[in-house]
Each structure stands twice: as structure tokens, then as C-alpha cells.
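The following note goes through the arrangement of the two chains point by point. Please read it beside the model.

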Number of protein chains: 2
Amino acid sequence: MEFRELVMGRYATKLFDGCKIPEEKVAELLELVRWAPSGLNIQPWKIKIVVHDATKEMLSAATWDEPQIKSCSHLLVFCADTDFDGLRHRLARSMKENGVPEQVWHIVMGIAERMAKMSAAQWLSYAQCQVYLALSYAILAAKELGFDSCPMANFKPDEYSRILRLPENLVPTILCPVGYAADQQHGKWRYPLEEIVVA
Amino acid sequence: MEFRELVMGRYATKLFDGCKIPEEKVAELLELVRWAPSGLNIQPWKIKIVVHDATKEMLSAATWDEPQIKSCSHLLVFCADTDFDGLRHRLARSMKENGVPEQVWHIVMGIAERMAKMSAAQWLSYAQCQVYLALSYAILAAKELGFDSCPMANFKPDEYSRILRLPENLVPTILCPVGYAADQQHGKWRYPLEEIVVA
């Protein structure tokens with residue numbers, strides 16, 4: 001599909017039909033999400049994928065019983081990784097393994113060193129922004145692959161952590177249920193360009 | 001271009017060739033960015049577009065003299081809007097103008113009311129996440145339209161606000177210079193799926 005068709009065709013699906021997306025399609029989706037960009041290429045994200053009905057049932061209660069959780073095929077829980085030190089060391093190692101030139105390595109690690117002075121709250125905020133980049137790839141990739149999605153920020157992160165037994169360093173940031181839509185797309189609207197561009 | 005080609009073809013361009021992107025292409029880019037999604041469709045972003053060399057010169061100093069600022073065609077400064085009350089009232093009005101069903105209007109405004117309890121820092125963090133969604137549309141749209149881009153978070157926001165005389169409610173969040181690449185794409189790498197998916 002053309003990029004414009006993806007942009008105009010995707011929408012926040014309010015109800016899915018309960019059918020399962022074939023696993024190979026989900027793998028294609030994840031493969032596209034994997035290539036999302038992030039600051040310093042630090043990739044401070046993890047995705048928990050929920051398919052079992054019993055788990056979805058528990059999560060539904062932590063999501064204001066929004067119907068997407070139980071009706072979707074796969075629920076992607078995008079988490080921000082708060083372990084900046086771990087991420088930084090992984091980055092240092094991986095850039096070498098991936099043949100990143102010495103000069104670039106030093107520039108990136110210099111910035112990472114400055115970023116190490118961030119407070120925990122600042123890092124979380126930064127990491128969550130990166131998670132949204134991965135999310136945007138997921139919603140566009142879903143449309144490209146022939147299914148639907150719905151970003152959902154309105155849920156109880158602590159409950160998600162508990163139910164999914166997530167490691168302490170992961171903060172559930174945004175949900176992205178995917179599946180086949182059982183609703184209709186409402187009229188899409190956005191503000192005109194004059195309201196977006198600063199004169 | 002197919003979505004996969006956009007994903008694999010785009011990269012953080014380190015140097016542009018200084019040529020100008022035709023204004024109609026820039027308009028096409030902004031039109032695609034305009035359709036980016038956001039929580040509640042609240043669209044808490046503004047974009048300042050910088051084209052003049054003298055301004056770029058000043059901004060360059062506030063961006064560690066990274067060569068993208070002076071060599072790009074257009075510098076897009078993505079800002080988060082901190083005026084949550086203003087955004088909320090605009091949303092209430094605009095949903096009605098755009099024929100959003102009464103029931104949906106009440107659900108959305110109910111969530112917005114709960115969100116009004118966020119601290120200023122929490123709202124800024126939330127708004128900045130949404131700005132990254134708009135950013136992701138910009139980098140993919142740039143590739144689709146035949147030019148290049150480079151997200152840059154490593155700059156001095158206060159200096160940007162001052163130089164660009166931005167209104168107080170706008171927080172420069174991420175830069176996206178666009179133009180025609182004068183560098184080569186390094187080998188693209190990401191972590192394997194096993195490191196991204198939580199078992």
C-alpha cells in the first residue's frame with residue numbers, strides 16, 4: 001500500500017472480531033516494528049504479547065473494560081526500559097559487534113554519558129517517547145499487513161505489571177491491540193495546517 | 001514505495017547537500033504529518049519551520065554545531081503544547097464541529113477531565129510522546145516523498161525557544177531537519193526479536 005493509504009486508512013479500532021491473525025503475519029509485524037528508530041539507536045523498549053483469553057480477561061479489568069482487550073487477536077503491551085545503565089552497556093557492545101566506526105562509537109557514547117546524568121523521571125520520559133516511535137511503526141505496519149490496531153494509553157500500568165509479572169525495569173507505556181476490525185471507521189478529522197505550523 | 005522499503009530505506013542523515021526541497025513537496029510532507037494520531041486526537045503539537053540561513057546559524061550553536069542544521073533544506077522543530085486547558089477546550093469544540101457522535105464526545109471529554117489532574121510534568125511527558133508520533137510520520141513521509149531526514153533530540157530547548165521566539169506554551173521537543181542526503185547510509189542494525197519480546 002502507498003504510505004498515504006496507510007496514513008488515511010488506519011484508525012483507532014474500537015472493536016475487533018475475535019479472529020486470530022496468523023502467527024506469520026504477527027511475526028512480519030514485529031519484524032517491521034523491530035526496525036523502528038530511537039535516539040542513539042538505544043531501543044529502550046520491550047513488547048509483551050498477550051494471546052490467552054484468561055490473561056486478557058484480567059487485563060480488561062485494568063483497562064476500564066474497553067472492548068478492544070478481549071476482542072483483539074494479539075495484545076501488544078509496549079514497555080519502556082528504565083535500566084539506562086544496562087541499555088548503555090548493551091549499546092556500547094552492540095555497536096562494536098555491528099561494525100559501527102570507532103569515531104561514531106565515541107560520539108554516541110559521549111552523548112550517552114551526558115544522558116546518564118538524567119533523573120530517573122527524565123529517562124523514563126525520554127524512553128517512553130522512543131516507545132511511541134515503535135508504536136507508530138506497529139499501527140502503520142498492521143494496516144500494511146491487512147489488519148487493524150488501536151493505541152490505548154488509558155490503562156493501569158501497575159496492574160499490567162502485576163498481572164503480566166513484568167520485570168521491575170519495564171514500565172508498560174502504551175497498549176496496541178491488533179486484530180480484524182468489527183467496527184466502522186468514523187470520519188477522520190485533524191486540525192488544519194494553519195493550527196499546526198507556528199507562523 | 002512499500003512500507004517495508006520506507007522502513008529500511010530511511011536513516012538518520014548526518015549531512016545534507018544544501019539543496020532546497022520544492023515548497024509543494026514540503027506541503028505534502030506536512031499534510032501527511034497532519035494526519036498523525038494522538039491520544040484522544042488532541043494533537044498537542046506545533047511545528048516551527050526554519051528556512052533562513054541566519055536563523056539556522058544561530059540554532060546550529062544550540063545544537064552542538066551538528067552539520068544537519070546548516071546543511072538541511074527545512075528544519076522542522078516539533079514542539080509539545082503545554083496548554084492542556086486550551087487543548088481540551090479546542091478538542092471539545094472541534095469534535096462537535098466534526099460531527100463526532102454525542103456518546104463518543106462524552107467518553108473522550110470524560111477521559112480528558114481525568115487527565116486534567118495530571119501534573120504539568122506528567123502532561124508534558126504525555127504530550128511529548130504524542131509529538132514523537134508526528135515525528136515518525138515525518139521521517140517516513142520524507143522518504144516516501146524522495147528526501148531524507150534526521151531526528152535530533154540533542155539540542156538546547158531553551159535556546160531554541162529564545163531564538164525562535166516561541167510562545168511560552170510550546171516546548172521544543174525534537175528536531176527533524178529534512179533535505180537531500182550528502183552522506184551514505186551506514187549499515188542499519190537493530191537487536192534481534194528475542195531481545196525485544198518479553199517471554
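**Notes on the two-chain model**

1. Strand 1 of chain A pairs in the parallel sense with strand 5 (residues 197-198) of chain B, over two bridges, where strands are DSSP runs of E with at least two residues and helices are runs of H or I with at least four, both numbered from the N terminus, and where two strands pair if DSSP finds at least two bridges between them. In this pairing A:Lys48 stands opposite B:Val198.

2. As to conventions, this is a predicted model, in which local features need pLDDT of at least 70 and side-chain atom pairs count only at pLDDT 80 or more, while totals for chains, interfaces and linings use all residues. Residues are numbered from 1 along each chain as its sequence is written, and chains are lettered from A and ligands numbered from 1 in the order in which they are written.

3. Strand 5 of chain A likewise pairs with strand 1 (residues 45-50) of chain B in the parallel sense over two bridges, with A:Val197 opposite B:Ile47. An open sheet of five strands results in the order 5(A)-1(B)-2(B)-4(B)-3(B), with mixed pairing; its edge strands, each pairing on one side only, are strand 5 of chain A and strand 3 (148-149) of chain B.

4. Chain A can be laid on chain B with an RMSD of 0.0 Å by a turn of 180 degrees and a shift of 0.0 Å along the axis, the superposition being by least squares on the C-alpha atoms of residues with pLDDT of at least 70 in both. The two copies are therefore related as by a two-fold rotation axis, and in chain A the C-alpha nearest that axis belongs to A:Cys129, 2.2 Å from it.

5. The contact takes 45 residues from chain A and 44 residues from chain B, residues being in contact if their C-beta atoms, placed from the backbone, lie within 7 Å. Helix 7 of chain A gives the most to the side of chain A that touches chain B, with eleven residues.

6. Within chain B, the axes of helix 2 (residues 23-34) and helix 7 (residues 120-144) come within 8 Å and cross at roughly 140 degrees, axes being lines fitted to C-alpha atoms over the stretch in contact, and angles running from 0 to 180 degrees between N-to-C directions. B:Leu29, B:Leu32 and B:Val33 in helix 2 of chain B meet residues of helix 7 of chain B, including B:Ala134 and B:Tyr137.

Terms used. Two residues are in contact if their C-beta atoms, placed from the backbone, lie within 7 Å.
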